[in-house]
Amino acid sequence: MLRTVYREHLQAFNEDVLEMCDSVREVMEYATAALLEQSLEDAEAALTATDALKEIGQRCEERSMSLLALHSPVAYDLRQVVSAIYIVESFERMGSLAKNIALLARLRHPSPVYPEQLHGYVQELVRLVYEMGAATRKLLVEPDADAAVELHTIDEGVDDMKAFLSTLVTDREWQFTNREAVDVSMLARYYERYADRCVSVGRRMVFLITGLKPEAYVQQRDEVDYDPAEKFATIERKFRIQK
């Protein structure tokens, strides 16, 4: 009976974590629309959506404390609860970063935040971050250690875009205003930190699934254990002298 109650509470907690992920992505989508389209309406929608995010975060905190204090989970169950707590923390930070983008778009409205000539670069940065957000959500629904590790590869693309934009705004040939240089740097930083939090969620998922840190998991995964007898038999079959 107690185990059944625990499972029900854990399931409710997991559903809240997934709902929080969806809410974070919603805030980011509104914020990005505000940025790309100079939409004041979308900026306000992003800021409004952050209120719901706070409520879900509070609910997650209460559920996690209840699970730890009243049910004393062990082994995998404990990893699941602790990992979810850290994941919620990452989502809270991601929501704050998306909110900052919305605030910046609202502050500059009706003017664009960045020069039109940089639109393609910003779009590519957004595309990569959206890809990471979608992959992060999929991990919550379909836990997969290899997919979680792969988030780091996509994040490298985000890091490259951030570094490229940072180089542009500090170049002596920068032809736009200092305000635009600062805004572009801030935007790149917000998206890059958002992506980093997706990687953090991925790391937590690797630990949840395997009990290992991502580095240890990758090393273990990539190690090939050879059976000497089978290996030698394969060589013998390949090079056997035909009589």
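Trainee: Which residues gather in a patch of negative charge on the surface?

Mentor: This is a predicted model, where local features need pLDDT of at least 70, side-chain atom pairs count only at pLDDT 80 or more, and totals for chains, interfaces and linings use all residues. Residues are numbered from 1 along each chain as its sequence is written, and side-chain values use heavy atoms, without hydrogens and water. A patch takes residues with over 30% relative accessible area and no salt bridge, joining like charges within 9 Å and nonpolar side chains (Val, Leu, Ile, Met, Phe, Trp, Tyr) within 5 Å. The negative patch on the surface holds Glu61, Glu62, Glu89 and Glu92.

Trainee: Which helices each supply at least two residues of the negative patch?

Mentor: Helices are DSSP runs (H or I, at least four residues), numbered from the N terminus. Glu89 is found in helix H3. At least two patch residues come from each of helix H2 (40–71) and helix H3 (75–108).

Trainee: Is Glu89 buried or exposed, or in between?

Mentor: Buried means under 20% relative accessible area and exposed over 50%, with partly exposed in between (1.4 Å probe, protein chains only). Glu89 has 41%, so the term for Glu89 is partly exposed.

Trainee: What is the relative accessibility of Gln38?

Mentor: Gln38 sits in the loop between helix H1 (2–37) and H2. Gln38 has a positive phi of about 50° although it is not a glycine. Gln38 counts as partly exposed, at 30%.

Trainee: Where in the chain is confidence lowest?

Mentor: Confidence is given by pLDDT, from 0 to 100 for each residue. Helix H4 (residues 119–141) is highest, at a mean of 97. The lowest mean, 60, belongs to helix H8 (residues 228–239).

Definitions and conventions. Accessible areas come from the Shrake-Rupley method with a 1.4 Å probe; for residues, only the protein chains shown count as cover. A salt bridge is a side-chain nitrogen of Lys or Arg within 4 Å of a carboxyl oxygen of Asp or Glu. Lys and Arg count as positive and Asp and Glu as negative; His and the chain ends are not counted. The place of a charge is taken as NZ of Lys, CZ of Arg, CG of Asp or CD of Glu. pLDDT is the predictor's confidence in each residue, from 0 to 100.
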